[in-house]
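How do the helices of this structure pack against one another? Walk through it pair by pair.

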Amino acid sequence: MRHLFEIDGRFYCMMTKAADLLVLNLLWMICSVPVFTVGAAVTALHDVTIQMAENREGYVAKEYLRSFQKNFRKGTVLWLLFLSVLSILLAVRTGMTGKSEPVFIMCFFIGILCACIYTWVFPLLSQKDHTTVQLLRKSLFIGIYYFPYTLILFGGNAVLAYITFAYPGIILCWMFIGTALTAYGTAFIYRYILIQKNNPFMQCR
């Protein structure tokens with residue numbers, strides 16, 4: 001028990017992680033303010049939280065800003081691409097009238113593919129320096145091949161989003177630590193699939 005509060009004890013490590021997550025959450029919020037930079041902000045968040053999951057993080061603010069700058073262009077392109085596809089799908093879905101089951105099925109199928117890609121593309125970008133096309137292709141393959149993990153990751157975020165809209169008061173939690181804490185929780189899955197596991201899609205170009 002007396003070792004609990006030592007500098008390398010469990011309590012000290014927990015408080016250090018909590019402080020790092022608070023800093024990360026603040027940086028993510030600031031870097032996401034222009035909206036079009038959300039992709040780079042999310043990529044940097046995944047980069048640092050995966051490092052934290054491996055206990056190899058340094059100064060989290062410095063690491064976050066380094067990753068944000070490094071992945072700014074590709075992260076922004078990917079984010080704007082997703083926004084464009086989502087806008088088109090919503091416009092098509094809103095404008096559907098009469099017998100439009102084939103259109104609905106097509107939109108649903110494209111939505112599933114986009115969900116697979118979106119779940120993996122930013123964590124993958126944080127770990128691998130690929131072209132945009134390679135990132136999209138590998139994210140799709142990983143999302144389908146490891147679909148149970150994709151379902152857990154995407155489904156979990158969807159549930160959290162629903163809870164946030166259903167109970168607006170919880171937004172305060174996201175403002176302080178919620179987003180970074182969620183990213184840290186999912187980082188162990190991303191670390192397992194993208195780094196530890198012998199993933200065939202990580203080897204091919």
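In this predicted model, helix α2 and helix α8 are roughly perpendicular to each other, because angles of 65 to 115 degrees count as such. Their packing angle is about 70 degrees, and their axes lie 8 Å apart. Helix α2 covers residues 38-53. Its side of the contact consists of L45, H46, T49, I50, M52 and A53. Helix α8 answers with T179, A180, A183, Y184, T186, A187, F188, Y190, R191 and I195. Sorted by class, the α2 and α8 contact holds 11 nonpolar, 4 polar and 1 charged residues.

Helix α8, residues 171-196, also packs with helix α7, residues 147-166. Here the angle is about 175 degrees, with 11 Å between the axes. An angle over 145 degrees counts as roughly antiparallel, and α7 and α8 are therefore roughly antiparallel to each other. From α7 come Y149, I152, L153, N157, L160 and T164. From α8 come I171, W174, T182, T186, I189, Y190, Y192 and I193. The contact of α7 with α8 has 10 nonpolar and 4 polar residues, but no charged ones.

Now turn to helix α1, residues 10-32, and helix α3, residues 60-70. Their axes come within 9 Å and cross at roughly 30 degrees. Angles under 35 degrees count as roughly parallel, so α1 and α3 are roughly parallel to each other. The crossing of α1 and α3 is right-handed. In α1, the residues that meet α3 are D20, V23, L24, L27, W28 and C31. In α3, the partners are V60, A61, Y64, L65 and F68. This contact of α1 with α3 divides into 10 nonpolar residues and 1 charged, with no polar ones.

Helix α5 runs over residues 101-127, which makes 27 residues. From its first C-alpha to its last, α5 reaches 40 Å. That is close to the 39 Å expected at 1.5 Å a residue. Where does α5 have a kink? The kink lies at V121, shortly before the proline P123. The kink in α5 is about 35 degrees.

How values were computed: Residues are numbered from 1 along each chain as its sequence is written. This is a predicted model: local features need pLDDT of at least 70, side-chain atom pairs count only at pLDDT 80 or more; totals for chains, interfaces and linings use all residues. Side-chain values use heavy atoms; hydrogens and water are left out. Axes are lines fitted to C-alpha atoms, for helices over the stretch in contact, and angles run from 0 to 180 degrees between N-to-C directions. Helices (H or I, at least four residues) and strands (E, at least two) are DSSP runs, numbered from the N terminus. A crossing is left-handed if the near helix is turned anticlockwise from the far one by less than a right angle, and right-handed if clockwise. Contact means heavy atoms within 4.5 Å. Ala, Val, Leu, Ile, Met, Phe, Trp, Tyr, Cys and Pro count as nonpolar, Asp, Glu, Lys and Arg as charged, and the others, Gly among them, as polar. The expected span of a helix is 1.5 Å times one less than its number of residues. The bend at a residue is the angle between axes fitted to the seven residues ending there and the seven starting there.
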